[in-house]
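Let's take a friendly walk through this model, going from the overall layout down to individual residue pairs. Have the viewer open and follow along.

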Amino acid sequence: MKKVAIIGGGITGLAAAFELQEKGIECTVFEASGRVGGCISTLQKDDYLVECGPNSILETHPDIGKLIIRLGIEGNKVAANLTAQKRFIVRDGKPVALPTSPSAFLTSEVFSTKAKLRLLKEPFIKPLVDKQESLADFVQRRVGKEILDYAINPFVSGVYAGDPKKLSTAHAFPKLFALEKKYGSLIKGAMKGAKERKKRAEKNVHEARMYTFDDGMEVLPLRLAEKLSYRVHLNTPVESIQMMDEGIWMVNREEFTNVILAIPGHKMPELNTPFDLDLFDEIEYPAVTSLSLGVDLNSILHSLDGFGMLIPEVENKFSLGALFPSSIFPERAPGGMALLTVFVGGARAPERALMDKDEMLVKVLDDLHELLGINGGPEFVHTTVWPKAIPQYNVGYERFLNHMKDIETNYKGIHFAGHYRDGISVSNSILSGLRVAELISNHKDTKDSKS
Ligand SMILES: Cc1cc2nc3c(=O)[nH]c(=O)nc-3n(C[C@H](O)[C@H](O)[C@H](O)COP(=O)(O)OP(=O)(O)OC[C@H]3O[C@@H](n4cnc5c(N)ncnc54)[C@H](O)[C@@H]3O)c2cc1C
């Protein structure tokens with residue numbers, strides 16, 4: 001009989017546990033903290049609904065939607081407003097809307113004529129399939145430096161809080177890498193790929209539906225935990241995984257046939273195990289701080305009619321960018337007020353995320369005054385520091401992935417799943433959890449097949 005220990009009650013561990021439970025497999029989730037959800041954390045305070053971690057989920061795969069239906073929270077979903085499709089990029093000190101169609105691209109102020117002409121050359125540039133190429137080198141080679149500086153650099157800081165000079169195209173943006181490999185060009189590939197995705201009923205991140213839940217993102221882990229009930233053990237950190245016999249593991253004084261490590265990569269070296277987890281300490285997890293600010297709408301010159309504003313590194317500002325949650329979703333702020341979430345730090349300047357909070361706020365307000373015309377202080381401030389926020393899939397990341405595979409091959413019953421393996425987003429983490437549960441349930445072990 002299979003019996004699975006899941007270490008970590010973030011969205012990966014909970015999704016894995018739910019899938020195992022649905023398949024009739026006994027499982028226990030061990031969560032170190034007093035709450036489920038890990039990075040997913042919603043705060044309701046003073047009539048504001050603040051996301052301390054992820055702000056929304058993108059439904060990139062049909063299994064995400066199916067899970068939400070199975071959990072019975074389809075009715076709690078809140079779709080992003082249409083205005084959220086508009087995204088601002090700071091160019092020469094002011095936010096400019098990013099073009100959303102090829103015709104808008106041609107007239108957009110974000111890019112110069114030179115950059116636009118450079119992009120048109122892309123289909124004629126010879127492919128170079130190099131797994132060790134950084135995203136910056138890849139983008140500069142295919143579409144030029146201006147698109148790297150004004151589109152990719154801010155986009156990457158919005159998704160990974162990362163640095164394109166360090167991130168690996170093959171690992172951090174595998175779909176982009178595959179486009180060049182398969183079609184020889186990003187533009188040709190984007191056009192053909194859209195047709196193929198349609199056939200597979202998959203969506204790319206730009207077409208996927210973005211949503212949250214009525215009481216915020218935490219609805220999802222809380223509902224999973226409710227369904228799992230006594231199987232979730234809070235305030236129960238795992239310190240060691242011991243091998244008792246071939247395929248039998250001891251976790252917190254209980255025996256299991258399988259163990260899923262669904263904790264962040266940087267936490268792995270703390271575990272006492274017969275296999276070496278020290279390597280995972282080398283995964284870069286830069287610090288990020290998010291500041292949620294409630295501001296009187298009358299004191300903001302910008303209309304905040306979009307998803308948010310990203311700030312390219314070349315613009316030399318303190319902040320990475322800001323989301324406009326009260327424009328994206330309803331009821332995030334009391335009447336007459338706007339809620340903004342500003343991000344600081346990341347791979348670009350991790351030390352900024354750890355500086356004194358009052359000093360940080362002054363610098364953030366300077367940026368907001370200059371870029372969005374915000375005058376006067378916020379009436380509401382909530383700061384969340386993430387000392388180790390998001391794993392960076394930097395060039396050379398395959399050594400971590402290979403190490404996971406080696407351990408899984410050599411130590412039967414040990415599995416790795418989560419944001420450090422299958423993609424960093426909430427949807428990637430859910431799919432990672434579902435995938436590992438499917439793998440365990442499909443695996444016929446010798447004892448099972450004899451009985
Ligand atoms: C500031 C921020 C903003 C983000 N924004 C977005 C967004 O808008 N959209 C999006 O899709 N993604 C976003 N992400 C990424 C996404 O939230 C995460 O990648 C995802 O939630 C990771 O889930 P996980 O379960 O793999 O890991 P985690 O959420 O880190 O969960 C791991 C769990 O393991 C527990 N744990 C650790 N050690 C032990 C131990 N020894 N024993 C037991 N338990 C242990 C931890 O307490 C934690 O609960 C954001 C992340 C951050 C930090």
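The centres of domain 1 and domain 2, taken over C-alpha atoms, lie 33 Å apart. The domain assignment of the chain gives domain 1 as 3–40 + 63–69 + 218–283 + 394–450 and domain 2 as 99–202; such bounds come from an automatic or database domain assignment. Where the two touch, domain 1 contributes 4 residues and domain 2 contributes 7 residues, with two residues counted as in contact if their C-beta atoms, placed from the backbone, lie within 7 Å. On the side of domain 1 that touches domain 2 there are 3 nonpolar, 1 polar and no charged residues. Here Ala, Val, Leu, Ile, Met, Phe, Trp, Tyr, Cys and Pro count as nonpolar, Asp, Glu, Lys and Arg as charged, and the others, Gly among them, as polar.

Two notes before going further. This is a predicted model, in which local features need pLDDT of at least 70 and side-chain atom pairs count only at pLDDT 80 or more, while totals for chains, interfaces and linings use all residues. Residues are numbered from 1 along each chain as its sequence is written.

Now to the sheets. Helices (H or I, at least four residues) and strands (E, at least two) are DSSP runs, numbered from the N terminus. Strands of a sheet pair through backbone hydrogen bonds, either parallel or antiparallel. Strand β14 (residues 258–261) joins β20 in the parallel sense over 3 bridges, and Ile-260 stands opposite His-415 in β20.

An open sheet of 3 strands runs β11-β12-β13 and is paired in the antiparallel sense. At its edges are β11 (241–245) and β13 (254–256), each of which pairs on one side only. On average, neighbouring strands of this sheet are turned by 35° against each other, direction ignored. Strand β12 (residues 248–251) pairs with β13 over 3 antiparallel bridges, and Trp-249 has Phe-256 in β13 as its bridge partner.

Next come the helix pairs. Axes are lines fitted to C-alpha atoms, for helices over the stretch in contact, and angles run from 0 to 180 degrees between N-to-C directions. Helix α1 (residues 11–22) and helix α10 (residues 219–228) have axes that come within 10 Å and cross at roughly 35°. Their crossing is left-handed, a term used if the near helix is turned anticlockwise from the far one by less than a right angle, with right-handed used if clockwise. Ile-11, Leu-14, Ala-15, Ala-17, Phe-18 and Gln-21 of α1 make the contact with Leu-220, Pro-221, Leu-224, Ala-225, Lys-227 and Leu-228 of α10. By class, the contact of α1 with α10 has 10 nonpolar, 1 polar and 1 charged residues.

What about helix α5 (residues 135–143) and helix α6 (residues 145–159)? Their axes come within 9 Å and cross at roughly 140°. That angle makes α5 oblique to α6; angles under 35 degrees count as roughly parallel, over 145 as roughly antiparallel, 65 to 115 as roughly perpendicular and the rest as oblique. The crossing of α5 and α6 is right-handed. Leu-135, Ala-136, Val-139, Gln-140 and Val-143 in α5 meet Lys-145, Ile-147, Leu-148, Ile-152 and Val-156 in α6. The contact of α5 with α6 divides into 8 nonpolar, 1 polar and 1 charged residues.

How values were computed: Two strands pair if DSSP finds at least two bridges between them.
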